[in-house]
Every structure is written in structure tokens, then in C-alpha cells.
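Reader: I'd like to go through this one with you and ask where the labels come from. Can you put it up first?

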Amino acid sequence: MGYLDNSSITVDAILTKKGRELLAKNDGSFNITSFALGDDEIDYSLYNENHPNGSQYSGEAIENMPILEAFPDENNIMRHKLISLNRNITKIPVLDITNQAPQLTKGGAAGTVSPKTKNYGSTVAAIEPGGYLFTVADRRLFSNFSATGQGAEQSGTQETISNPVAVSETVIGNELSFTPISSDILFGNKTQLLTTIYIEGRETGARAAITVTINKS
């Protein structure tokens, strides 16, 4: 990680592992259709309305802060995304997570998550047109981790991952389904395995997280 010189306007962009895979195909599959903005590195407590040089200097400390260099770890960057809301909206959108099954059993039935967004549009809770991002912190714990509702191409992999270290995976859709592994390998002498699934609305940026527990027996 490094810092960018904030004396000039700079755009620093890098590709994620998935982005590099699509670019390497050279078949037109690498196509940026949307983007997001965030302010993770901004400390708003530095805003000083009583600056001795006048109100025009209230944000001076914030404006002089160094900007973080781009890096592809979604767990440490873009955690606080900026959103654009209709002026008629007076409440921040939040996710309503239903049909969740955080307690699963090794080799047992799949769990599902069907999020809806509150304070979005004119309805009490609605599915966002762009769907949701579902990110699991440790993909190894599931033999299937897939989403439906936004096209099969974006529904993720349906296979067991045998990586020696935890790997994350993100899928796009309206509803998530995840099947626990049937093997004992990752349990060792533990009776439970835990991981976190992060859900984010692609239209509003509303976020939520659930902890999933897989019991050995």
C-alpha cells in the first residue's frame, strides 16, 4: 500500500483478479458497465467549523489528507461507498435479510438469503433492480455458493474449493443459496466452522452481514 500525492488530481485504478482474467481472454468479456465511489480514508471529525482563519478553511485538514493507493482487497477498501438518493428520500436505505439459515450442518440442506431494501422507492421493502452482491469470506466451507435473479453467467461456481487458505468469492443476484461441505477436512478437532457473508445492494450501497455456522454433526 502507498499514498498518492494529493497536490494534483489523480485517478489510480487497478484490476481485481477476476478483472485480469477477463482482460486476458481478449474476447470482449472485459466490459466495465458501472463503478462506485467511496470515502474510506476520510476522517470527517477533522472538519473544523471554528477554524481561526475563517469558515472557508473548515475542511482544510480533510483536503490535505493523503489518498490511499488503490488495492483489490474488498474487505479493506470501498467499505463506505457514496450513494446518490432522490431528494424525496428522507431515510437511508437499509437491507432486510429474510430466509437466512445461519445454522447449517455438514453435508446438510442448503441455506438461502433473500434480501430486500427498505426505504428504497415508494414501497416499504423492494428488491433492487440491479440485484445484490453476495461475498463470502471463506468460500471453502461450501460445496455450492451461487445466486439467481441476475443471469446464470454471474451466478458463481458450483464446486468445492480445496485451497489451503481461506478464499473469498462474490456473486450477483437477488437470492443466494449456499450448501455446506460434506467433508471433515476443514473441521480438524473443531465442532463448528464459522464464516461471514456480506450483502450489498448494487443500486443503493446498503450493506448487511450475517454469520454462518456449520456444525460438524
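**Where the labels come from**

Author: Let's start with Tyr 44, which sits in the loop between α1 (17-25) and α2 (60-63). Helices here are DSSP runs of H or I with at least four residues, strands are runs of E with at least two, and both are numbered from the N terminus. Keep in mind that this is a predicted model: local features need pLDDT of at least 70, side-chain atom pairs count only at pLDDT 80 or more, and totals for chains, interfaces and linings use all residues. Residues are numbered from 1 along each chain as its sequence is written, and side-chain values use heavy atoms, with hydrogens and water left out.

Reader: What is Tyr 44 in contact with, leaving aside its neighbours within four places in sequence?

Author: Asp 39 and Ile 62; contact means heavy atoms within 4.5 Å. As for Gly 59, 15 residues along the chain from Tyr 44, the two C-alpha atoms are 8.7 Å apart.

Reader: Why is the pair of Tyr 132 and Phe 134 called tilted?

Author: Rings of Phe, Tyr and Trp (its six-membered ring) pair if their centres lie within 6.5 Å; planes under 30 degrees apart count as stacked, over 60 as edge-to-face and the rest as tilted. The structure holds three aromatic pairs. For Tyr 132 and Phe 134 the centres are 6.5 Å apart and the planes stand at 50°, so the pair is tilted. Both Tyr 132 and Phe 134 are buried, meaning under 20% relative accessible area, with exposed over 50% and partly exposed in between (1.4 Å probe, protein chains only).

Reader: Which residues do ring pairs link into a cluster?

Author: Phe 142, Phe 145 and Phe 178. They turn up again in the largest nonpolar core, which has 23 residues; Phe 142, Phe 145 and Phe 178 are among those with the most contacts inside it, as is Phe 134. Such a core is a set of buried Ala, Val, Leu, Ile, Met, Phe, Trp, Tyr and Cys residues joined through side-chain atoms within 4.5 Å. Strands supplying at least two residues each include β7 (132-136) and β8 (142-148).

Reader: What makes β4 (103-105) and β9 (169-173) edge strands?

Author: Two strands pair if DSSP finds at least two bridges between them. The open sheet runs β4-β12-β11-β7-β9, with mixed pairing, and β4 and β9 each pair on one side only.

Reader: How do you know that β11 and β12 pair?

Author: Nine bridges join β11 (residues 192-201) to β12 (residues 207-215), and the two run antiparallel. With a cut-off of at least two bridges, they count as paired. Gln 192, for one, stands opposite Asn 215 in β12.
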